[in-house]
Amino acid sequence: MTAYLETSNPLMSRLLGRTQSLFAEDLNLRTADLKEVIEGRKLMIAGAAGSIGLAFVKQVLLFRPAAVYLIDPDENGLVEAIRDLRSSSIVMPNEFYSFSIGIGSDEFESFVQNQSTCDYFINFAALKHVRSERDPYSLLRMIYTNLRALRDVLLMSPTLGFSHMFSVSSDKAVNPANLMGATKLLMEKLLWSFGDCINVSTARFANVAFSAGSLLDGFEQRLKKNQPLAGPKDIMRYFISHEEAGQLCLLACFLSSNRQVFIPKMTCDEHLKSFQDIAVKYLNYNNFVPKFCSSEEEAKEVLVGDNNEWPIYFSKSDTSGEKFIETFAEDDIKVDYKKFKAIGLINADPIERSFLDEFFYEIEELRASGSLTLNTIVDIVEKAVPEFDHVKRSRNLDQKM
């Protein structure tokens with residue numbers, strides 16, 4: 001089983017500094033275990049058209065599941081995902097269907113009521129951008145997508161036959177500084193609260209390089225549109241490839257114990273990179289040299305591509321919700337690095353569901369009251385997530401290039 005085990009893209013290799021997947025050794029050692037667990041099983045995958053969801057689908061299809069149902073409200077994204085899969089050499093199961101619906105919707109409820117039982121429910125549906133906390137309406141949609149929709153599926157799970165539910169998390173869930181991270185931490189707690197009736201697991205990982213909507217994806221878009229590159233010069237992140245994201249989720253979904261978090265084993269010295277360094281390497285790869293500018297206005301005035309230079313403006317971070325460095329686990333949490341070569345395991349404790357029920361009740365009461373504001377939602381989130389330390393600054397990401 002060698003397909004999709006290497007970071008073979010030369011651009012990705014240059015930016016990440018590796019030619020082989022972080023998880024190649026773990027996958028090779030556990031190919032037989034994965035085959036035994038996945039082959040012949042029926043899988044329902046939500047958020048399947050997204051960058052990470054599709055990367056996971058490409059991984060899991062190699063192990064011959066009996067049926068795969070792809071769920072995603074992004075109709076165009078789902079169409080392209082199917083074209084991509086059908087045009088590849090991956091063998092598709094006889095039962096392979098896609099549905100342009102979102103979990104938590106009336107259409108999804110009708111869909112599952114008319115389906116035979118599935119073995120696994122795998123969730124990649126999420127609002128992932130920090131910028132979604134700039135207004136109460138986007139934030140409310142984030143809460144509904146990242147939390148309420150998953151809760152609805154968990155409540156239905158006894159009648160749907162799922163033996164395991166996996167929902168992807170984020171490194172931003174650790175000591176969250178933004179509301180997206182807080183919803184992901186609440187999502188983890190939601191999973192643990194249902195661990196007494198169904199096996200549940202998650203994975204936290206770093207920025208997925210060039211995932212849809214990411215800053216690196218923005219670099220590609222800027223070059224295509226002859227526009228300057230921009231970003232924070234004082235922010236550093238861990239990066240993994242699409243394939244690595246799919247592989248980590250594959251292992252976390254099918255080889256985990258109940259209430260387990262999988263995290264990548266990455267070190268500051270080897271893996272932590274700044275967005276500015278990534279931008280310079282990206283321009284060099286495309287045969288350009290950066291022309292550093294002192295403002296957005298100056299960067300817009302520079303003629304892109306002139307003398308092989310490309311305008312680039314990187315400034316100090318001054319937007320809400322941004323931490324300078326993310327981590328994968330809290331300092332006081334025990335992480336087991338013995339079972340896998342490049343993965344750490346965190347065993348979570350059971351959670352009482354009552355406080356989550358109170359959170360959802362307060363959100364619904366606020367929505368119905370007509371007094372919906374950003375501050376009132378933040379108050380409810382802070383009550384439910386004591387770990388939340390909101391980094392609030394004068395600007396949001398929509399106010400920058």
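Predicted model: local features only at pLDDT ≥ 70, side-chain atom pairs only at ≥ 80, totals over all residues.
Let's start on the inside. Nonpolar side chains in soluble globular proteins tend to be buried together. In this model the largest nonpolar core has 115 residues, and the members that touch the most others are Ile-45, Phe-108 and Phe-254. Helix 7, which covers residues 136-160, supplies the largest share of that core, with 12 residues. Leaving aside residues up to four places away in sequence, Phe-108 is in contact with Met-44, Ile-71, Ile-101, Gly-102, Ile-103, Phe-121, Val-153 and Met-156. There is also another core lying apart from the largest one; it has 21 residues, including Leu-15, Phe-210, Phe-219 and Phe-275.

Strand 9 (residues 236-240) runs antiparallel to strand 11, and three bridges join the two. To find your way along that pairing, pick Tyr-238, whose bridge partner in strand 11 is Leu-272.

Strand 9 also brings us to the charged side chains. The structure has 14 salt bridges, and one of them joins the side chains of Arg-237 and Glu-326, at 3.8 Å from N to O. Arg-237 is in strand 9, while Glu-326 is in the loop between strand 13 (309-315) and strand 14 (343-347), so the pair links distant parts of the chain, 89 residues apart. Is this pair buried or exposed? Arg-237 is buried, at 2% relative accessibility, and Glu-326 is buried too, at 2%.

Now go back to helix 7 for another charged group. There, Arg-148 forms a salt bridge with Glu-364, at 3.0 Å from N to O. Glu-364 belongs to helix 14 (residues 354-369) and Arg-148 to helix 7, so this contact ties together parts that are 216 residues apart in sequence. Put together, Arg-148, Glu-364 and Arg-367 form a network of salt bridges. Each of these side chains is partly exposed: Arg-148 has a relative accessibility of 26%, Glu-364 has 24% and Arg-367 has 41%.

Finally, check a couple of backbone angles. Most residues other than glycine have a negative phi. Asn-226 is not a glycine, yet its phi is positive, at about 55°. You'll find Asn-226 in the loop between helix 9 (215-224) and strand 8 (229-232). Arg-259 isn't a glycine either, and has a positive phi of about 55°. Arg-259 lies in the loop that runs between helix 10 (242-254) and strand 10 (260-264). Arg-259 counts as buried because its relative accessible area is 13%, and the cut-off for buried is under 20%.

Methods:
Residues numbered from 1 in each chain as written. Heavy atoms only, no water. Pairing = 2+ DSSP bridges. Helix = DSSP H or I, 4+ residues; strand = E, 2+ residues; numbered from the N terminus. Buried < 20%, exposed > 50% of the residue type's maximum accessible area, 1.4 Å probe, protein only. Core = buried A, V, L, I, M, F, W, Y, C linked by side-chain atoms within 4.5 Å. Contact = heavy atoms within 4.5 Å. Salt bridge = Lys/Arg side-chain N within 4 Å of Asp/Glu carboxyl O.
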